[in-house]
Amino acid sequence: MAVLPIKTYPDPCLSQACRQVEVVDDDLRRLASDMLETMYAAPGVGLAAPQVGSDLRLVVIDCANRDDDPAPMVLVNPRIVEAEGSLVFDEGCLSVPDLTCDVTRHERVVVEALDAQGRPLRLEGVGLLAVCLQHELDHLDGRLFIDRISPLKRALYKKRRVKQLKRDEA
Ligand code: K1U
Ligand code: ZN
């Protein structure tokens, strides 16, 4: 297993729509394991393949409480099949440094996917898990949480980020 570098805004990998996984094989399981290690190292509660430069529809998640045992999940080709309610959550993203913002999401979602063995799974999420699932599935469509905040806040963040990257280059 390996900790992979995480792509950060405005890397083009983050705005690509990802492609369906055709075969769940050892290569895909290795990528999922590396993504889990990368997520735990960050630390984060979710990670999507484009954040590590892959264009596959693959997500890993662990929203277990810190005091509980780890509960890693691998979701291949995930899709939301039910969604209801709404909640506002102060979101961040490992690919969008130095910003958190309130985002409105569904309060409850049901996701269907394949697991790391290629078996169908159905997962219900409420609260943090629902937010995390929606955040990660957005990544697979090339969408970041900053695409869901006000245009003014987004423009201010972009300006600040460009300045920061120029400073880091110098
Ligand atoms: O995709 C990512 O960048 C990971 C991100 C996912 C996320 C989950 C829930 C809300 C917003 C974003 C994170 O893991 S953010 C960091 C984190 O560790 C965390 C977020 C919310 C609650 C607890 C921890
Ligand atoms: Zn993210």
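Let's start with the ligand: the space that ligand 1 takes up is the largest pocket. Keep in mind that this is a predicted model. Which elements give two or more residues to the shell around ligand 1? They are β4 (87-93) and α2 (128-140). Of the elements, α2 gives the most, putting 6 residues into that shell.

Now for the shell itself. There are 16 residues around ligand 1, and V45, G46, Q51, L94 and E136 are the ones that come nearest.

Next, the polar contacts, where the cut-off is a pair of N or O atoms within 3.5 Å. V45 uses its backbone here: one of its polar backbone atoms sits 2.7 Å from an oxygen atom of ligand 1. H135 has a polar side-chain atom 3.2 Å from an oxygen atom of the ligand, and for H139 an N or O atom of the side chain is 3.4 Å from a ligand oxygen.

Finally, a look at the aromatic rings. The structure holds 1 aromatic pair, made by Y9 and Y157. Two values describe a pair like this: the distance of the centres and the angle of the planes. For Y9 and Y157 these come to 6.1 Å centre to centre and 50 degrees between the planes, so the pair counts as tilted. The pair also links distant parts of the chain: Y9 lies in the segment before α1 (26-41), while Y157 belongs to helix α3 (residues 151-169), 148 residues apart.

Technical notes:
Residues are numbered from 1 along each chain as its sequence is written. Chains are lettered from A and ligands numbered from 1 in the order in which they are written. This is a predicted model: local features need pLDDT of at least 70, side-chain atom pairs count only at pLDDT 80 or more; totals for chains, interfaces and linings use all residues. Side-chain values use heavy atoms; hydrogens and water are left out. A residue is near a molecule or strand if one of its heavy atoms lies within 4 Å of it. A polar contact is a pair of N or O atoms within 3.5 Å; within protein, one must be able to donate a hydrogen and the other to accept it, and residues adjacent in sequence count only if both atoms are side-chain atoms. On a 1 Å grid over the protein atoms alone, a cavity is a set of points where a 1.4 Å probe fits but cannot get out, and a pocket is an open set with protein on both sides within 12 Å along at least five of seven lines; lining residues have an atom within 4 Å of a point. A molecule sits in a cavity or pocket if more than half of its atoms lie within 2 Å of its grid points. Helices (H or I, at least four residues) and strands (E, at least two) are DSSP runs, numbered from the N terminus. Rings of Phe, Tyr and Trp (its six-membered ring) pair if their centres lie within 6.5 Å; planes under 30 degrees apart count as stacked, over 60 as edge-to-face and the rest as tilted.
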